[in-house]
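Colleague: I would like to learn how to read a model like this one. Could you walk me through a few features?

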Amino acid sequence: MTLDLLITGGTVVDGTGADGVRADVAVADGVIVAVGAEATVLGEGAARTVDAAGKVVCPGFVDLHTHSDLTLLSAPQARSAVHQGITTTVIGNCGLGVAPLADGADVDGVRAAVGYLDLDPSVGWTWRSYGEYLDAVAAARPSVNVAGLAGHLPLHAGVVGFDDRPPTPGELDRMTSLLADALDAGAVGLSTGLMYAPLTFAGRAELLALAEVVAGRGALFAWHLRDYADDGLSAVREALEIAAATGARTQLSHLTSVGRRNWGTVAKALELVDAARADGLDVAVDMYPYLAGNAPLAQRLPAWAQAGGDAVMRDRLADPEAVRRIRESWAGEALGWDEITVSSAPGAPDLVGHTVTALAADRGTDPDTVALDLLARFGNAVSMVAGGRDAGDLRAVLTHPASVIGSDGQALDVDGPTGVGMPHPRSYGTYPRLLSEHVADGTLTLPEAIRKCTSGAARRAGITDRGTITAGEAADIVILDVGRLADRATFADPRQYPAGVDAVIVNGEPTIAHGQHTGARAGHVLKAGTKDKGQRS
Ligand SMILES: [Zn+2]
């Protein structure tokens, strides 16, 4: 056998949670073929040798929770992801995917509703079915592997529209059959986002019917819960109840609690998760290592105020009675406007980077008025970074045995159309941050932190042959200079690639070498239920 690559002299932290061991790693045809003494022997005459002495060699990171559905089509080199060591990205989270779209779907309406994902207007929506969308991703030849969740928003809005009403029985049948088609075309699961209209109107019958389809195929149901603030625990119970009723493998996405008066709720949520797991349910959680989130500002509106789609929602904000009711609903919010910073507003860079409170002071008005103005002008395309979170809650999630890491970020390129605004720094720094700061402070050991970033996340997505350094697994490998490892992206200056991620190998192809992107675009689309490397068997 002729090897393509031999990685010599590194400390292999294999992604299982086991301690590191000094070992060589041999790669041929995109696959790890040997680890340890056998690799050393096979390595005679390898086409390429990488000296990893003094470095950690670990599996590539599997980012379970991303919003790169459209940015991968604009920036397929996925620089903000691969520079962190991400080799597989799971798209379609929070219900905010871009497929499947029913025949006759209001595509412009869906596109506006997922404006948060949509940074490059030149990306054309050329697909309808989930299979066509995955073909578009494959045609873009991304630098990372991609697994996709079908999005509840395009599914629901494409069939039912944007109004506050349940689907008719016929519509529910269409939704379940579109979902079944998406899963059969390779989606690894379904995601919902019950804070985003029209999903705010999705009730138990709809969630149950969709969960049954997911469960029938052993796929994953990922939940952006109905609430992460005052009603966070009942939102967790809602997801667990559907899991119990259907047996669907269930992921509670970015588990946190928002607003000081809710701090400590995460531990109670994790007790509910533990009880569900003790009952035999396959339930887990994920999180990113930051004390602030990033979402469309429209998430702050009550559900009724988001009804009807983007244009209707914006028009509604000219109605004094609607405005009065929205202001009333905001009076009791757990999170204040001083903790909410505008992170993107298309065509209005002067607004970006300021809190709503600061913008109000500039204008000599109140923050509610500013927020209403932003929503009327930009609709779903104005985004916020929202703080008000507790370090203890974060630590509780990170240390829970059933937690894995998902960045909730996007694959971005500082030099392209996606390199604008003030994105949440998680898009650039999640993994180096976790593996430096949260290991240095004793929250996690390095092997356990790496497990949560690799095999732990891969198994949630149903990916069974990536995520560890084992002969026979796909050759997705990262070489870390742990002493130099540092997240350099900050909230004030987010578009910074990290330090200490020396090499990233995707399907055997060096994609980061000596800290630089090589231009390689060797990612695969990982389809559920196929026999290709990295798929659910
Ligand atoms: Zn979300």
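Modeller: We will go through a metal site, a sheet, a helix and a charged side chain.

Modeller: This is a predicted model, where local features need pLDDT of at least 70 and side-chain atom pairs count only at pLDDT 80 or more, while totals for chains, interfaces and linings use all residues. Residues are numbered from 1 along each chain as its sequence is written, and side-chain values use heavy atoms, with hydrogens and water left out.

Colleague: Which protein donors does the zinc ion have?

Modeller: Donors are N, O and S atoms within 2.8 Å of the metal (3.2 Å for Na, K and Ca); water is not among the atoms, so sites may look incomplete. Here the zinc ion has C94 (SG), H224 (ND1) and H254 (NE2), at 1.9 to 2.1 Å. Their spacing in sequence is C-x129-H-x29-H. H224 sits in strand β12 (residues 220–224) and H254 in the loop between β13 (249–252) and α10 (265–278), so this pair, 30 residues apart, links distant parts of the chain. Helices (H or I, at least four residues) and strands (E, at least two) are DSSP runs, numbered from the N terminus.

Colleague: Is H224 buried or exposed?

Modeller: Buried means under 20% relative accessible area, exposed over 50%, and partly exposed in between (1.4 Å probe, protein chains only). H224 is buried, at 5%, and H254 is buried, at 5%.

Colleague: In what order do the strands of the open sheet run?

Modeller: Strands of a sheet pair through backbone hydrogen bonds, either parallel or antiparallel. Two strands pair if DSSP finds at least two bridges between them. This open sheet of three strands has the order β15-β17-β16, with antiparallel pairing. Its edge strands, β15 (293–296) and β16 (340–344), each pair on one side only. Four bridges join β15 to β17, and A295 stands opposite M384 in β17.

Colleague: Which residues of helix α5 are buried?

Modeller: An α-helix has 3.6 residues a turn, so residues three or four places apart point the same way. In α5 (residues 130–139), the buried ones are Y130, G131, Y133, L134, A136 and V137. They pack against α2 (71–74), β9 (86–91), β10 (145–151) and α7 (169–184).

Colleague: What is the nearest side chain of opposite charge to D390?

Modeller: Lys and Arg count as positive and Asp and Glu as negative; His and the chain ends are not counted. A salt bridge is a side-chain nitrogen of Lys or Arg within 4 Å of a carboxyl oxygen of Asp or Glu. D390 is buried yet has none, and R260 is the nearest, 7.4 Å away. Leaving aside neighbours within four places in sequence, D390 is in contact (heavy atoms within 4.5 Å) with W263, G264 and L291.
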